[in-house]
Amino acid sequence: PGASPGSAGGIPVGDATVGLPHGVPPLPTMALGGSDPMQMGPSAATPPPQMAPSAQPPLGPRYCTRHKVSEMRRKTAPRNQDCTLCGAAIETNLAEFSVCADCCHRHQRCMVCGSSAPDGGATPGPP
């Protein structure tokens, strides 16, 4: 059910008819679910668009209890270090570095020393 011209050149809208200025033709009627490329609704023949799988946000590093607060992790000038588990080259400013963020989560290891870090992330330091 689409809009169709009324008897006086208007378009019915609900219980009312909306008039058009002189010389302006009404828009063509389009059925919902039709084959018209300008259709107003979904077609039974056209499947609904698929949502792209949501990408997981990158996980932050994991730290053990000895390195869970930023002040407990000594810093240095940024440099490249290799992850001791996968060998990936990682740029870090940690004076001591053991495993990359992916390996931290995959193996539940502390990024700094590589020891067990089953509880995960860092505790925020003071503001």
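Two strands are taken as paired if DSSP finds at least two bridges between them. With that in hand, the predicted model can be read from its overall architecture down to single residues.

The protein contains 1 helix and 4 strands, and from the N terminus on these elements follow the order β-β-β-β-α. Of its 127 residues, 20% are buried. The exposed surface comes to about 9,300 Å², and carbon and sulfur atoms supply 58% of that area. Among contacts with a separation of 6 or more, 32% join residues 24 or more positions apart.

Strand 3 spans residues 75–82, and its pairing with strand 4 is antiparallel, over 5 bridges.

Strand 4 covers residues 89–94 and includes T92. This threonine has a relative accessible area of 8%, so T92 is buried, the limit being under 20%. Leaving aside residues up to four places away in sequence, T92 touches A77, P78, R79, Q81 and F97. The side chain of T92 also places a polar atom 3.0 Å from the backbone nitrogen of L94.

Beyond residues up to four places away in sequence, C110 touches R62, Y63, C64, H67, S98, V99, C104, S115 and A117.

The cysteines deserve a separate word. A disulfide is a covalent bond between the sulfur atoms of two cysteines. With a cut-off of 2.5 Å between the sulfur atoms, the count comes to 0 disulfides. C83, accordingly, is in no disulfide, and its nearest cysteine sulfur, that of C86, is 3.7 Å away. C83 is also buried, with a relative accessible area of 4%. For C100, the closest cysteine sulfur is in C103; the separation is 3.7 Å, so the two atoms are too far apart for a bond. C100 likewise counts as buried, at 6% relative accessibility.

Finally, the backbone at Q108 is worth a look. Most residues other than glycine have a negative phi. Q108 has a positive phi of about 50° although it is not a glycine. This residue lies in the segment after helix 1, which covers 101–107. With a relative accessibility of 39%, Q108 counts as partly exposed.

Technical notes. Residues are numbered from 1 along each chain as its sequence is written. This is a predicted model: local features need pLDDT of at least 70, side-chain atom pairs count only at pLDDT 80 or more; totals for chains, interfaces and linings use all residues. Side-chain values use heavy atoms; hydrogens and water are left out. Helices (H or I, at least four residues) and strands (E, at least two) are DSSP runs, numbered from the N terminus. Buried means under 20% relative accessible area, exposed over 50%, partly exposed in between (1.4 Å probe, protein chains only). Contact means heavy atoms within 4.5 Å. Accessible areas come from the Shrake-Rupley method with a 1.4 Å probe; for residues, only the protein chains shown count as cover. A polar contact is a pair of N or O atoms within 3.5 Å; within protein, one must be able to donate a hydrogen and the other to accept it, and residues adjacent in sequence count only if both atoms are side-chain atoms.
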